[in-house]
Amino acid sequence: MAPAGLPRRIVVVGASLAGWNAVRALRAEGFDGELTLVGEEPHLPYDRPPLSKDYLAGRVDRGRLDLTAHDDVDALALDRRLGIAATGLDLGDRILRLGDGTDLSWDGLVVATGARVRRLPGTEALAGVFALRTLEDADALRADLAGGPRRVVVLGAGFIGLEVAATARLAGHDVTVVEAAPTPLVRSVGELVGRTVAELHRDHGVDVRLGVGVEGIEGEARVTAVRLADGTRLPADVVVAGIGVVPAVDWLDGSGLAVDNGVRCDGTCLAAPGVVAAGDAATFPNALFDDEVMRVEHWDHAIAMGAFAARRLLAGDGWDPAERFAPVPFFWSDQYDRKLQSVGRIGPGDEVELFDGDPAERRFVTVHVRDGRVVGAFGMNRPRHVMRLRGLIAERADLDRVRTELA
Amino acid sequence: MGWRVVVDMDLCESNAVCMGILPDVFEVRDDDLLYVLEERPADADRAKVAEAVARCPKQAIRIAED
């Protein structure tokens, strides 16, 4: 018998990485009450990173995307509501409303609805224009690219756009990347790294056009060209928009939860009594970075935050407030034969130090320093360094210590 | 009866996340390859190995019971 006040009916809203890791953690921690998993997509959780890489290239099949392969799904004893979106929340009466008209009552709630991809406005009816977030998006793009050599224009040189560009280029397509900023990826990895990644794509024959906006998309039934702000007309058979995502939290309008670019949590993943949030849909103050409020869209983050939020939910008032969720964010991106990895929090004002290797050889590490402390690191084909730096960033190491330990 | 760490080297791409979690068990060296230093870690490390399994970007690690 659980102590009074602790949840007995938990609903996890969102059936992707964060939600699934919350489910795993709830059961692993011994929660034996009712557990319901609600997901807008009709699938059990699947792995998204390969959608722009190995899956898009046809190197792995659908089976390899299954995130539940290592789980005993039956033993988790889930009430699965897949293919059904959450449409509303009543915090006072603790009711979750679903798109099929069902109401679910809960005494513990995990909000993990992730993010929705931005699509190019006004192109809904135009064939050949894609965005990439779901399995269906990837299947559609993969099928289209299989139709023969294409002229592919990628709009936006973020990580998803660049991964699609690399995959398409390796498959023999003509690829152009258009980016409004003068250097790609500056906000996430800084100037030097962004420049080097642009060069990496040029090494492989991608036409990388920086500092130019998009004026319009041409085509009747199917896209034929992209018009740029400088007057250039790029003939195109396929256009892929890599223009980011927005947190999928519109269903929480009027719920009473604080929502500002995601569900606002405290430093322990708690959004309200009995409610936690995790993953792309959540913001939280990170104690490791001066309580900077962050929303992190990384794969690894969804796992860590989903599991932490689950433990937090089960503890109720018994949680020690000193135990904070304070991760060192990490992401990776595979492009061509290079592995790009970033840890920590890279900001525009940071000092950047080339720590090891040489960008010209496409094998190097940069460290990013703020007020004497190492706050971030980036590596191209340098996993050992990057992961050791992750630990040092967690320990608030300064540059001298990093130099000594990684010498 | 025990358990051991199994890494599918065809899947492993040396992201080194596992090394960050349990450096006494997993090591990525300067050749960018992963070496499993301890195939049979102590039972006390099992939760951390499970974390490495969940957080491997390539889902290349598993725990085998024997």
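1. Strand 10 (residues 151-155) and strand 16 (residues 238-241) of chain A run parallel, joined over four bridges. Here A:V153 faces A:V239 of strand 16 of chain A. Strands are DSSP E runs of at least two residues, helices H or I runs of at least four, numbered from the N terminus; two strands pair if DSSP finds at least two bridges between them.

2. A word on the model: it is predicted, so local features need pLDDT of at least 70 and side-chain atom pairs pLDDT 80 or more, while totals for chains, interfaces and linings use all residues. Residues are numbered from 1 along each chain as its sequence is written, and chains are lettered from A in the order in which they are written.

3. Which strand order does the open sheet of chain A have? Its five strands follow 9-16-10-11-12, with parallel pairing. Strand 9 (129-131) and strand 12 (207-210) of chain A are the edges, each pairing on one side only.

4. Chain B meets chain A through 16 residues from each chain, where contact means C-beta atoms, placed from the backbone, within 7 Å. Helix 1 (17-21) and helix 2 (46-55) of chain B each give two or more residues to chain B's side.

5. Two residues deserve a friendly second look. A:N261 is not a glycine, yet has a positive phi of about 55°; A:N261 sits in the loop between strand 17 (245-247) and strand 18 (263-264) of chain A. B:Q59, also not a glycine, has a positive phi near 50° and lies in the loop between helix 2 and strand 4 (61-65) of chain B.

Definitions and conventions
Two residues are in contact if their C-beta atoms, placed from the backbone, lie within 7 Å.
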